[in-house]
Amino acid sequence: GQQETDWKNCPQCKKISYLPDLITNSYICECSFHFDLPPKMRLDNLFDSTYEIIESQENVNPDPLNFEVNEKYKYIDKIKKYRKVTGQKTAIMVASGNISNLRAVVVCFNPKFGGGRFGPAENEHFLKAANFAIQEKVDMWIVIYQSSGIDVHTGVTGLAGMTKSIIAMNEIKKNNIPTFCVAARATAGGTYASSFFMHDFIIIESKCVENLLFSGKRVTANILKGTDQIPEDFGTGPGVMKSGLADITLESRKELKDTITKLANI
C-alpha cells in the first residue's frame, strides 16, 4: 500500500501541507519546521550532478545473535521489512561525487530503517565508505546523522561499531580530509557517543532539531537523581549550541551545501 498520503501534518504549527509542495521546498513547512528528508533527496540536493552509490558489504550478518522475542518476532524479519520499505541493505546510504566541484563522500542515516540504528552491517558499511574516502583522497567527508543509536539486538557486535567508527574517523583525519557532522533530528545513544563529535565541524541543520542527546530527559533525570534540574532546552539544537557542543545552526537545510563548501574551501 501507499505509505505516505498526499498531506503532511506539521507538529510545530499544526498546518497541513500538500506533499508535492513540501517536496519542492526540501520538506520544510512554511513555519520553517523541517520534516525528515529522504536520503535520496539529500544526496540529490548536495551533489552537483550524478553520484555513485557505495554499496554495503555483502557478507555481514545483520543479526549475529539470531535475536528473537519470545515467539513474538524474529529480528531478522524486522530487518527484511526495513530493507523492503527503504530499498536499502543497511540503515545508511553512502555516495561519492562532486559537491561544488569538491570530491566528497556522504554517509546518510535513514530513520525509516529502524530509526537509523547502527549495527554490525552499518558499521562495516561506514568503514567501507571511510576506506574509499581515504583511497580516493577526497576533499570532504560528510555524515548526516539521524540515528537512534547502537542496534541493541546485536549485543557486543553492535557496540563494537562505536570503536570501529572512531578508528575510521581517526584514519580520515590522519589523511587531512575535512570532516562534517550534520545533525538532523534525533541522534542518540552510541552513535552520538562515538563518531558524532569527532568531526571538524558540527552543523545543526535547523533550529527545530531536537533529541541530540545520549539519553532522553526521563532517563537522564533518573541518572542525576534530581540533583540538577534538567534544562528545558536539553538536547535541542539551541541547547546543544548553548553548551558549546556544536559550531553552527543553519536557518534551513537549504544553506547546507553552501556552508559546507565555504568551510571546506577554507
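User: Where does Ser-32 lie?

Analyst: Ser-32 lies in the loop between helix H1 (19-24) and helix H2 (39-46). Keep in mind that this is a predicted model.

User: Why does Ser-32 count as partly exposed?

Analyst: Look at its relative accessibility, which is 40%. Buried means under 20% and exposed means over 50%. Ser-32, at 40%, counts as partly exposed.

User: What is the phi of Ser-32?

Analyst: Phi of Ser-32 is near 80°, a positive value, and this residue is not glycine. Most residues other than glycine have a negative phi. Asn-211 is another non-glycine residue with a positive phi, about 60°. You'll find Asn-211 in the loop between E10 and helix H7 (217-224), and at 38% relative accessibility it counts as partly exposed.

User: Now the rings. Why is the pair of Tyr-82 and Phe-113 called tilted?

Analyst: First, the structure holds 13 aromatic pairs. In this one, the ring centres of Tyr-82 and Phe-113 are 5.5 Å apart, and the cut-off for a pair is 6.5 Å. Next come the planes: under 30 degrees is stacked, over 60 is edge-to-face, and the rest is tilted. The planes of Tyr-82 and Phe-113 stand at 45°, so the pair is tilted.

User: What makes that pair a link between distant parts of the chain?

Analyst: Tyr-82 is in helix H3 (residues 75-86), while Phe-113 is in the loop between strand E7 (102-109) and helix H4 (120-135), 31 residues apart. Both Tyr-82 and Phe-113 are buried.

User: And why is the pair of Tyr-145 and Phe-196 edge-to-face?

Analyst: The planes of Tyr-145 and Phe-196 are at 65°, with the ring centres 5.1 Å apart, so the pair is edge-to-face. Tyr-145 sits in strand E8 (residues 140-145) and Phe-196 in the loop between helix H6 (189-192) and strand E10 (201-204), so parts 51 residues apart in sequence get tied together. Ring pairs also link Tyr-145 and Phe-196 into a cluster whose members include Phe-109, Trp-141 and Tyr-192.

User: How do you know that Asp-36 and Arg-185 meet in a salt bridge?

Analyst: Check the N to O distance: it is 2.9 Å for the side chains of Asp-36 and Arg-185, and the cut-off is within 4 Å. A search of the whole structure finds 16 salt bridges.

User: What about Glu-205 and Arg-42, how far apart are the closest N and O atoms?

Analyst: They are 2.9 Å apart, and Glu-205 forms a salt bridge with Arg-42. Glu-205 lies in the loop between E10 and H7 and Arg-42 in helix H2, so the pair ties together parts that are 163 residues apart in sequence.

User: Are Glu-205 and Arg-42 buried or exposed?

Analyst: The cut-off for buried is under 20%. Glu-205 has a relative accessible area of 1%, so Glu-205 is buried. Arg-42 is at 4%, so Arg-42 counts as buried.

User: Which salt bridge does Asp-200 form?

Analyst: Asp-200 forms one with Lys-173, where the closest N and O atoms are 3.9 Å apart; the cut-off is within 4 Å. Asp-200, at 38%, counts as partly exposed, and Lys-173, at 31%, is partly exposed.

Note on methods:
Residues numbered from 1 in each chain as written. Predicted model: local features only at pLDDT ≥ 70, side-chain atom pairs only at ≥ 80, totals over all residues. Heavy atoms only, no water. Phe/Tyr/Trp six-rings, centres within 6.5 Å; stacked < 30°, edge-to-face > 60°. Helix = DSSP H or I, 4+ residues; strand = E, 2+ residues; numbered from the N terminus. Buried < 20%, exposed > 50% of the residue type's maximum accessible area, 1.4 Å probe, protein only.
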